[in-house]
Amino acid sequence: MELKLNIDYYQILGLIRQLPEKEKKELAITLQSEISSEKSSKAIPELILQAPTWSDSDFIDFQESRAHINKSRIA
C-alpha cells in the first residue's frame, strides 16, 4: 500500500521542528546517507562512460590469449 500526501516544503519543515533533538539528528544522518548514496549511484554510469575501451585488435588478442590459457590448463 502506498501513501501519497500533498505536503509542501514549509509543512515538512514545521513537522521537523516539532521533533525531539535526538530524532532530528537521526533524520539528518539518514538524509545525508540518502543523498550520498544517490551521488554514488549517479557516479557509476559516468565512471563507466569514461572507462578505457579495447580496440577490436586488442579484444581479438585477448580472446586468443584466453583460449590458449584455457587449452593449456590441466582439467
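Ile12 comes out as partly exposed because its relative accessibility is 42%; the class sits between buried (under 20% relative accessible area) and exposed (over 50%), with a 1.4 Å probe and protein chains only. This residue lies in helix 1, residues 9–18, where helices are DSSP runs of H or I with at least four residues, strands are E runs of at least two, and numbering starts from the N terminus. The model is a predicted one, so local features need pLDDT of at least 70 and side-chain atom pairs pLDDT 80 or more, while totals for chains, interfaces and linings use all residues. Residues are numbered from 1 along each chain as its sequence is written, and side-chain values use heavy atoms, with hydrogens and water left out.

Areas are Shrake-Rupley values with a 1.4 Å probe, and for residues only the protein chains shown count as cover. Patch members have over 30% relative accessible area and no salt bridge; nonpolar side chains (Val, Leu, Ile, Met, Phe, Trp, Tyr) are joined within 5 Å and like charges within 9 Å. A salt bridge puts a side-chain nitrogen of Lys or Arg within 4 Å of a carboxyl oxygen of Asp or Glu.

Then there is the charged side: Asp56, Asp58, Asp61 and Glu64 gather in a negative surface patch. Asp61 sits in helix 3, residues 56–72, and counts as partly exposed because its relative accessibility is 44%.

Overall, the protein has three helices and zero strands, and 0% of its 75 residues are buried. It exposes about 7600 Å², 59% of it from carbon and sulfur atoms.

Technical notes
Lys and Arg count as positive and Asp and Glu as negative; His and the chain ends are not counted. The place of a charge is taken as NZ of Lys, CZ of Arg, CG of Asp or CD of Glu.
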